[in-house]
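Please examine the sequence and the structure shown below.

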Amino acid sequence: MNNTRGRFFALEGIDGSGKSTQLKLLAQRLEQAGRPCLTTCEPTHRPMGALLRQILTRQVRCDSRVVAPLFVADRLDHLLNEENGLCKAVEDGLTVLTDRYYFSSYAYQSVDLPLEWVIEANRPCAELLRPNATIFIDVEPELALERIAQNREGTELFETMERLTRTREQYFRAFEAQKDVERVIVLPGNQSVDAIAQAIWEQVEQFF
Ligand code: ADP
Ligand code: TYD
């Protein structure tokens, strides 16, 4: 593996699975090991991400056939924007960690749209930057919703039992559909924060 180029890892899971908790811990550990990181998330904090957040909080209503391409546009901007685009960051040697990437679209948008369509729509992103690995933190929807309820007042568009159950199933369908081209690591998310962090670290350190 080329050692000057950075690495790129995507954390995935249903809402409340513990992605953002683990992203922070992984970044700390990488920094301690002398590997500078860029941590980021999707939807982004740029204009297209802001529009997506309005849709997720039901301020703006939009058909699923419109939402899916908006996630693709936000993702392409995440990769290519001149300010802090991920393609350049990886080229510059940073380790980039993102809370969600195209497997989120494969799983969430394919509840309403054909999975193949969503994968095809995201092809430009996969061609620009494929993760060294996608780390999926697997939790039962019951546990995820319990955690969300404890920590937030309102729930977002996709945060219902039925929806998260179907989304989790779609994640596994997408992993199967992409098994020849993507490296996906599935880890159980019903353990302590520290145990999950250790399991993630053991996987990630193999990529350096
Ligand atoms: P996500 O980013 O996947 O939505 P978060 O990291 O925000 O998930 O975690 C959701 C909630 O669950 C937070 O309040 C967090 O403190 C808590 N949490 C995260 N990981 C664990 C864990 N392993 N065990 C118990 N609670 C957790
Ligand atoms: P996020 O803010 O990461 O929520 P959480 O921290 O609770 O996991 O993501 C917002 C929502 O956007 C989440 O319900 C998943 C959804 N989403 C998609 O439907 N498609 C996508 O491509 C992405 C990136 C997110």
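Which residue has its backbone nitrogen 2.8 Å from a polar atom of the side chain of Glu12? The backbone nitrogen is that of Tyr101. This is a predicted model, in which local features need pLDDT of at least 70, side-chain atom pairs count only at pLDDT 80 or more, and totals for chains, interfaces and linings use all residues. Residues are numbered from 1 along each chain as written, chains are lettered from A and ligands numbered from 1 in the order in which they are written, and side-chain values use heavy atoms, without hydrogens and water.

Glu12 belongs to strand β1, residues 8-12; a strand is a DSSP run of E with at least two residues, numbered from the N terminus. Glu12 is buried but forms no salt bridge, and Arg100, the nearest side chain of opposite charge, is 4.1 Å away. Here buried means under 20% relative accessible area (1.4 Å probe, protein chains only), Arg counts as positive and Glu as negative, and a salt bridge requires a side-chain nitrogen of Lys or Arg within 4 Å of a carboxyl oxygen of Asp or Glu. The side chains of Glu12 and Ser104 are joined by a polar contact of 2.6 Å; such a contact is a pair of N or O atoms within 3.5 Å, and within protein one must be able to donate a hydrogen and the other to accept it, while residues adjacent in sequence count only if both atoms are side-chain atoms.

A polar side-chain atom of Gln109 lies 2.7 Å from a nitrogen atom of ligand 2.

Conventions
Helices (H or I, at least four residues) and strands (E, at least two) are DSSP runs, numbered from the N terminus. Buried means under 20% relative accessible area, exposed over 50%, partly exposed in between (1.4 Å probe, protein chains only).
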